[in-house]
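Please work through each task with the structure open before turning to its solution.

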Amino acid sequence: MKHLVGIIINSPKQKDLELMVRHRSIHTVPIGGKYRLIDFSLSNIVNSGISKIGVIGSYMYRSLVDHLGSGEEWNLSSKSNDLAILHGGKNIKIGEITRINLQDFIDNEAFFTKVSSSVEDVVLCGCNIICNFDLKEAIKFHRENQADITMVHKEDYTGELSDNEAVMEVMDHKVTKLGYSADRRAQSHNVYADMMIIKKELLQNIIEDVKTTGEIDLLDVITNNLENLNIFAYPIEGYFKIINSRKSYFDCSMELLHAEIQREIFHGERKIYTKTKDNHPAIYSVNSKIKNSLVASGTIINGSVENAIISREAIIEEGVKIKNSVIMQNCVIEKDTIIVNAILDKYVRVTSGKVLVGTEKEPLMIRKDSVI
Amino acid sequence: MNNQKCIAMLLAGGQGSRLKNLTVNNAKPGVMFGGKYRIIDFSLSNCFHSDIFTVGVLTQYKPLLLNRYIGNGSSWALDKIDQGVYILPPYVDKQGGNWYFGTADAVYQNLAFMDMYNPEYVLILSGDHIYKMDYAKMLKYTIEKDADLTVSVMEVEWEEASRFGITNLGEDMRIVTFDEKPEKPKNNMASMGIYIFRWSILREALIRDANDESSDHDFGKNIIPMLLNENKSIFAYLFEGYWRDVGTIESYYKANMDLLSDSKEFDLSSKEMRIYSNNRNSQPHYIGECANIDNSLICDGCLIEGHVTHSILSYDVTVGKNAVIKDSILFNKVVVEEGAVIEKAIIGENIRIEKNKKIGNENSEEIIVIA
């Protein structure tokens, strides 16, 4: 779709995901066996037909650049399409959480001034939301209503809300109130779904104004101007999850095992794209026992696995029992180990005979590269 | 781009009629293998790992799927500046043009392509072999022997020997005589259909062969015997390792099943010379509550609620509840409905097996092919 630019913003650091984001930007937290969090927003934008996309990085770039490469897998590497990795993560005020940091936009002025004058709207998406959302329809809605801003929202959100999530009130498709979940947790579970469409000109003016007002959070700017602007709300009907804590990460992983959610996220018209790898097909030995699990390529399964996500190139040896767990890429689980309610980050090696048990409420989290 | 050391010409034009209906809409090298792969992946991956980055792929029979699959060669990291994979179908010039009449004719008709690169050596490959081989070692051997032609050979079972071109070796691995598919083989050193020619020798031989009306224009039958007669310096290069010609349903099926054997004759999980492929962007496969999986290879995108044993499932296969898949190979997007039973069968792409249907028999000699 011409006349549109997509931006994936750099979500503020999520304290509860600490072990997972210590060595990578939140964009690239692995999920669902072969994906990274950013794949969902990036695929949603690509599937809406937008071919000019900027991804605001964080100060830890390596995993992001490695993952996106030239954007080939998202069909963004041809001459007519454009994927840019933008500066980000600078100047965050200590102790304050900036939800949509306008400083990131100021730092990338060159990107925004170079955007063709024919561009009318900018789509802003968070990098830690899991959904398969038809942005095209939301864009249509935005234009039909000649909105200044259209904010996508999820009513009756049941997932975890961190204190700084934006919640809203909506009347006749218009946003009437906007605030922090911490202030009004009891009243509202109508959460901003971290996707908005905003007029380019308006965004440019807001960026210009920051230089004088110092108001750095776009959501605060919008809150302060609710009455002056034409702000519409567009509901997301299907599955939606914000990954902002260990618990929400774990819940989302387990929810991906539900047939219906899986169908919606993975089997619809709109594909979720990710970096592909030259792995062999999953190898199941004669001793493998497996049920209700997602298994990626390059894995070798010798043990028994139930309600689990087994990511690329993980090796599960004989006699291993895994239940309700997420095993990330390249983990090696040696013989006769038991793992229940746990999240094992990439390259974890669990030596034979160990027992790792967490609870559903507090799943055990094992840091990347650990040997246990 | 000019004066490359070695370029490869990959013969991918064969109809593969012995693979029966697997090749109705697809050339043999484009047939799926081992789940996610297609047969041509093996040769192309070998080229990359051997630092041979210019590959001409000679296509003729039903080339559309193969052409699309190969694309710009990026799947095998062969999309390089001034090098890469080039699809070479028969073409016409002012004098007209012809279909490829034989393996040698196919290469002859692309002399202009090879002239463009003007290499020192040309590697001739087949697109229907399953193996990992470092051609760079064979090239080094060729240079050390100062050979005009090196033929890659391997020991085969004696009873198999008459299916192959058999080399009779003299001292120092020099090939003395070459018998194409002999009734009574004198030994069991079989040609694998992999040759490295000195380009100047090949060029001249191809032109002479093209002018010989009695020739079948075949490397094994005509070119090699001709060069032997002329006392050219021809050596055998002994290959040790797993290599299979998958030209028949039986050999194709068996090579697939080798991937599941305990002995790991051909280990896909080995990181060494990893086989590259055109990877699909499908989700991880899902194994349902009542499923049973053992001794199988399963690709991304599959949705399995039935029982799968000693089988290979390609991308996006669906297996319904209580369905049984045994000793079988299912290609991309096969749907097996509830309660269906498939034993010792090969099911082609996009086929739907209806509810409670029974196909094949595990005790039968015959391999059922549905495509």
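**Exercise 1. Describe the linings of the pockets, beginning with the residue classes in the largest one.**

Step 1. The lining of the largest pocket divides into 15 nonpolar, 16 polar and eleven charged residues, where Ala, Val, Leu, Ile, Met, Phe, Trp, Tyr, Cys and Pro count as nonpolar, Asp, Glu, Lys and Arg as charged, and the others, Gly among them, as polar. The model is predicted, so local features need pLDDT of at least 70 and side-chain atom pairs count only at pLDDT 80 or more, whereas totals for chains, interfaces and linings use all residues. Residues are numbered from 1 along each chain as its sequence is written, chains are lettered from A and ligands numbered from 1 in the order in which they are written, and side-chain values use heavy atoms, with hydrogens and water left out.

Step 2. The largest pocket has a volume of about 1,200 Å³, and among its 42 lining residues the closest to the centre are Arg38(B), Tyr69(B), Asn278(B), Asn279(B) and Arg280(B). On a 1 Å grid over the protein atoms alone, a pocket is an open set of points with protein on both sides within 12 Å along at least five of seven lines, a cavity is a set where a 1.4 Å probe fits but cannot get out, and lining residues have an atom within 4 Å of a point. Grid points are joined across faces, edges and corners, and a volume is the space filled by probe spheres set on the points.

Step 3. Helix H2 (residues 64-70) of chain B gives the largest share of this largest pocket's lining, five residues; helices (H or I, at least four residues) and strands (E, at least two) are DSSP runs, numbered from the N terminus.

Step 4. The second largest pocket holds about 1,100 Å³, and of its 40 lining residues Thr103(B), Ser126(B), Asp128(B), Lys181(B) and Asp218(B) lie nearest the centre. Its largest share, four residues, comes from S11(B).

**Exercise 2. Which strands lie at the edges of the open sheet of ten strands?**

Step 1. The order is S23(A)-S20(A)-S18(A)-S16(A)-S14(A)-S16(B)-S19(B)-S22(B)-S25(B)-S28(B), with mixed pairing; two strands pair if DSSP finds at least two bridges between them.

Step 2. Strand S23 (349-350) of chain A and strand S28 (368-370) of chain B are the edge strands, since each pairs on one side only.

Step 3. Within the sheet, S19(B) (residues 312-313) and S22(B) (residues 329-330) run parallel and are joined by two bridges, with Ile312(B) opposite Ile329(B).
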